[in-house]
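Let's take a friendly walk through this model together.

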Amino acid sequence: MTTTDESTATTVAYATEPTPRLDWAALAPDVFKAMVRLDAAAGRGLDPALRELVKIRASQINHCAFCLDMHTKDALAAGESVERIVQLSAWEESRHFYTERELAALELTDAVTVLTGGTSQAFGTGGGFVPDEVYERAARQFEEAELAQLIAAISVINAWNRFGVTCRRTPGHYQPGQFR
């Protein structure tokens, strides 16, 4: 890919755009449609801005470039600030950009996405679960039904990320709201 910067009249050659491995949505349309319905159901009752922050954060962790492209564009189109989106990758050091509720959701997103755990009364020390203290902070910020929706939204974006990364979905072509 080459592009010309009109302000400096220079041409820049970018790396070749990768070829997607598999168009899973076309090859498994019933699964794709079910994922779209699941995504819509998981988002019901959640603040749309919070939902986009969660989707961006999980996609950062999972290195899903396609989902990062999509959800960053959707968040910007919905009025989210560039500064808050940029700071998401370092939210723990940029806490002052987010509300306590958003911080609890981001911390839960990290824990559910990575599942490395900490200590749990039920399981002792080790990994593979969401630490009690992370869950409890989220439970203090969200009503139970809303927390259930948040956990569902985090789980669904992780599934989307796995499809995107595995099939090598190509970022850069998505338009805000394209899949609604």
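Which residue takes a positive phi just after α4? In this predicted model, that residue is G79, with a phi of about 105°.

Now step back into α4 itself, which runs over residues 65–77. Its 13 residues should span 18 Å at 1.5 Å a residue, and because the end C-alpha atoms are 18 Å apart, expectation and model agree.

Next comes the empty space. Rolling a probe the size of a water molecule over the atoms shows where such space is left. The largest pocket has a volume of about 490 Å³. Its lining is made of 22 residues, and the closest to the pocket centre are D39, K55, M70, H71 and F179. Two or more lining residues come from each of α2, α3, α4 and α8, and α4 gives the most, with five. By class, the lining holds 13 nonpolar, two polar and seven charged residues.

Finally, look at the cysteines. How many disulfides does a search of the whole structure find? The count is zero. C64 counts as buried because its relative accessibility is 1%. C167 is also buried, with a relative accessible area of 6%.

How values were computed:
Residues are numbered from 1 along each chain as its sequence is written. This is a predicted model: local features need pLDDT of at least 70, side-chain atom pairs count only at pLDDT 80 or more; totals for chains, interfaces and linings use all residues. Side-chain values use heavy atoms; hydrogens and water are left out. A disulfide is a pair of cysteine sulfur atoms within 2.5 Å. Buried means under 20% relative accessible area, exposed over 50%, partly exposed in between (1.4 Å probe, protein chains only). On a 1 Å grid over the protein atoms alone, a cavity is a set of points where a 1.4 Å probe fits but cannot get out, and a pocket is an open set with protein on both sides within 12 Å along at least five of seven lines; lining residues have an atom within 4 Å of a point. Grid points are joined across faces, edges and corners, and a volume is the space filled by probe spheres set on the points. Helices (H or I, at least four residues) and strands (E, at least two) are DSSP runs, numbered from the N terminus. Ala, Val, Leu, Ile, Met, Phe, Trp, Tyr, Cys and Pro count as nonpolar, Asp, Glu, Lys and Arg as charged, and the others, Gly among them, as polar. The expected span of a helix is 1.5 Å times one less than its number of residues.
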